[in-house]
Amino acid sequence: MKFFDLHCDTPYECYKRSTDLSDRSLAVNKYAAEKFDLLKQCFAIWISEKSENPFLLYKNILNDFNSKIKDIPKNLIPVLTVEGGAVIGSDIEKVYALKSDGIKALTLTWNGKNAIASGANETGGVTAFGKEVINVLNNLKIACDLSHLNRKSFLSAVDMAKYPIATHSCLNEVNFHKRNLSISDVKLIAEKGGIIGICLYPDFLGKDVFENFYKTVFLMLDNGLENSIAIGSDFDGADMTGGIKSTNEIPLLYGFLKQKGIDIKLLDKIFYENAENFFLKL
């Protein structure tokens with residue numbers, strides 16, 4: 001099988017722990033590729049609103065991680081993203097720097113507030129500067145990641161974004177959480193050709209991860225969103241106790257959904273093709 005994961009925080013873990021992708025304690029490591037014909041992995045560089053000198057931290061993590069992906073299997077394809085618009089501060093030129101570094105998606109906020117918008121733990125919406133940032137993201141074909149936004153910021157951002165994506169979010173109709181989206185939110189993303197990566201974090205998805213993943217897929221299919229379903233694991237960034245703990249276990253989820261009666265062609269869309277088709281636009 002092929003797998004395209006829209007979100008993990010492995011670069012930060014590697015940097016923080018001074019380790020590399022040969023470390024089997026990482027939820028995403030180079031040996032995971034053995035489970036797949038092809039593994040495309042979005043590696044997010046996490047920058048919180050509380051980071052000191054966020055752009056320098058980003059560059060340090062990026063340079064560290066780039067040195068560590070030189071020795072990975074040929075069927076493990078890294079896709080670089082940034083989680084946290086605080087990385088650019090209030091400097092629009094840094095968006096161009098992200099593009100030069102090969103960044104494919106920018107999560108506008110983490111849970112707090114920055115110069116762009118407000119996250120799930122804050123009030124407020126997209127700022128005037130934030131609107132400028134989204135326009136530049138559009139022009140540069142960098143995906144505008146809407147995960148982590150509060151509702152006011154989400155509605156403004158999804159209206160403006162040409163390449164909207166929610167890399168790691170779940171549905172409130174399945175398990176209510178302030179970080180989750182509603183099915184109406186997902187429809188707004190889908191109307192613009194965007195996708196949602198169903199997050200595997202049990203606090204977002206619900207404690208019965210396998211069954212709730214199926215319920216999420218079923219609800220999206222019931223709303224005509226077949227081409228918008230993907231997976232954003234959040235491995236190495238969240239406590240997966242009681243759920244799917246690593247990339248190695250993804251084939252178990254594929255097998256579970258197959259047993260539930262989901263057609264292989266549709267499974268291949270969910271696990272790979274929808275994400276692949278989205279990123280081909282960038």
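Good morning. The model under discussion is a predicted one.

Which residues bring helix 1 and helix 2 together? From helix 1 the contact draws on Pro11, Tyr12, Cys14 and Tyr15. Helix 2 answers with Leu57, Asn60, Ile61, Asp64, Phe65 and Lys68. Sorted by class, this contact of helix 1 with helix 2 comprises seven nonpolar residues, one polar residue and two charged residues.

Helix 9, residues 250–259, and helix 10, residues 264–279, cross at roughly 145°, and their axes come within 10 Å. The crossing of helix 9 and helix 10 is right-handed. On the helix 9 side we find Ile250, Leu253, Tyr254, Leu257 and Lys258, which meet Ile264, Leu267, Asp268 and Phe271 of helix 10. The contact of helix 9 with helix 10 has seven nonpolar and two charged residues, with no polar ones.

Finally, the interior. In soluble globular proteins, nonpolar side chains tend to be buried together. Here the largest nonpolar core holds 86 residues, and Tyr58, Leu200, Phe213 and Phe271 have the most contacts inside it. Setting aside neighbours within four places in sequence, Phe213 touches Ile198, Leu200, Leu205, Ile231, Leu253, Leu257 and Ile270. Apart from this core lies another, of 16 residues, including Val79, Ala105, Ile165 and Ala230.

Thank you.

Technical notes: Residues numbered from 1 in each chain as written. Predicted model: local features only at pLDDT ≥ 70, side-chain atom pairs only at ≥ 80, totals over all residues. Heavy atoms only, no water. Contact = heavy atoms within 4.5 Å. Helix = DSSP H or I, 4+ residues; strand = E, 2+ residues; numbered from the N terminus. Nonpolar A, V, L, I, M, F, W, Y, C, P; charged D, E, K, R; others polar. Core = buried A, V, L, I, M, F, W, Y, C linked by side-chain atoms within 4.5 Å. Buried < 20%, exposed > 50% of the residue type's maximum accessible area, 1.4 Å probe, protein only. Axes fitted to C-alpha atoms, helices over the stretch in contact; angles between N-to-C directions. Left-handed = near helix turned anticlockwise from the far one by under 90°.
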